[in-house]
Amino acid sequence: MDQNAFASALLDPTLPVPGGVTSARGEADAARFAVYRNNVAVSLSKALGQRFPVVQRLVGDDFFAGMARAYIATTLPDSPLMFAYGDTFPDFVAGFAPAAALPYLADTARLEAQWTRAYHAADIAPLTVEALAGLAPELLGGARLAPHPAAALVRSAYSVGMIWQAHQGDEVGAQTVMTPESVMITRPEFDVRVHVIAEADAVFAAALLRGESIGEAATAAFGTDPTFDFGRAIVGLTSLGAFAGLAS
Amino acid sequence: MNTGTQSGEALPARAGLGLKPEHIDEIIATEPDVGFFEVHAENYMGDGGAPHRALTAITSRYPLSLHGVGLSIGAERPLDKAHLARLKALVERYRPQSFSEHLAWSTHESGFLNDLLPLPYTKATLERVSAHVDAVQQTVGARMLLENPSTYILFEDSVIDEIDFLEAIAENTGCGLLLDVNNVMVSAVNHRLDAFAYIDRFPVERVGEIHLAGYDETVDGAGDRLLIDAHNSTVADDVFALYRHTLGRTGPVPTLIEWDNDVPAFPVLLAEATHANQMLDAAPHWRDVRVARRA
């Protein structure tokens, strides 16, 4: 048996049952082979549903299953770690024409993908506000901060933080859709935190997470919003657990 | 026989349960009388976070069976070295009392298929699987148990009986066997074999663990009964009967209740474990190692 041919037939229902496959009756049976086809499709779709539960609720189970099937046809997991499957799913959703009526869907998926990464990220104690305060003021502007392994920023033209939050309980909460939002995802200890932050704070956070100095990041933030509150922003991000420490 | 991996201890010959995230708080709060917990290794291969905190709490209270579902030991392609390294790290971190994997394959050139796929039983596949089991045991540094599969199809190429195939791998590699009694029932019904006769021929002296699970039932294209290894319900009466028959040959063996889909409230799992424990208590305290299978 050629396993690649067998697997190709699993992934493409239009292909016949592979040669060499039989049953106790001495003949191939499409319904039997279909059990394997179904197992692959259902288990991978289920893995995506577990990683993108809000996306699934937004579009409904049937639509999600169809979208997942289309994604699976383009991208199989690259490892047996199912919680890591779907890193490229948000980009796929962005280009999935039947979902075009929900323009915020892809960014919601981006938020959920980052949530899972944060959930499984390494256990590292974040930089504390006290440690940051211990830094000599004249060194602050040139200092760079190492991102915490769980920290991620999702910036969207839509209210993805509010949408995500509204779908955390059994009842869907109130939400607006069209307000741009930036969401900071962190995990200072074991619980993943999802916080909507102000636009200038997001510019600041994005620059810091890219490895720019605190001074450069603050300049960019002031350029966005002259009322940017530097002290509140750096203390806020640090308190959320965005940084692992000072970059060396 | 010591079936432990690195701790030198074996799993107790009692009923164990699959560990599900939704039950962890309840388990830690109530410390129920469960012989051991089993986890799918791949779910604990993240860098950190709540899964490792939970597994650390569980292993400080209960023996652990580490059950892999992603090694693809039966694959034509080479074993995934990165995955083997993750498995080794997990074994070293948690020192499970048992480590097991499947006689199956899951990989395509374009990626991982996330299903346990069947392979024909031939001289070539026997050599390949034996070499892979050798490599796994050497790399991970632990003896493994290899699980008999549940299958829905047969291969025209197969020339070796499944039990002979499993026993030859065990003989070649020194690995033990995980006897999944539900898989025996599923495959026996699907291929018109006698499940009890299969158990009667199984090399019970090599069995380090038993699995029990619920199956689904449908029919194939000709209307023949087709059982599906679904892990989504209570263990069927006929599988418990086959288990009782198995224990008559094996004596008490660590026994896992597998329930991976549509997971119920924890007390439902405990009731299944209690059922299995009653059968374990009634089992003879010896192993029937007659070589009847060679007759």
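Colleague: What conventions apply here?

Modeller: Residues are numbered from 1 along each chain as its sequence is written, with chains lettered from A in the order in which they are written. In this predicted model local features need pLDDT of at least 70, side-chain atom pairs count only at pLDDT 80 or more, and totals for chains, interfaces and linings use all residues, while side-chain values use heavy atoms, without hydrogens and water.

Colleague: How many residues of chain A are in contact with chain B?

Modeller: Contact means heavy atoms within 4.5 Å. Here 40 residues of chain A touch 53 residues of chain B.

Colleague: What area do chain A and chain B bury between them?

Modeller: The size of an interface is often given as the accessible area lost when the parts come together. Buried area is that loss (1.4 Å probe), summed over both parts. For chain A and chain B the value is about 4,000 Å², with 58% of it on carbon and sulfur atoms. Gln3(A), Arg32(A) and Tyr36(A) lose the most area on the chain A side, together 19% of what that side buries.

Colleague: How many salt bridges cross the interface of chain A and chain B?

Modeller: A salt bridge places a side-chain nitrogen of Lys or Arg within 4 Å of a carboxyl oxygen of Asp or Glu. The rule finds three across this interface. One of them joins Arg25(A) to Asp224(B), at 3.1 Å from N to O.

Note on methods. Buried area = accessible area lost by both parts, 1.4 Å probe.
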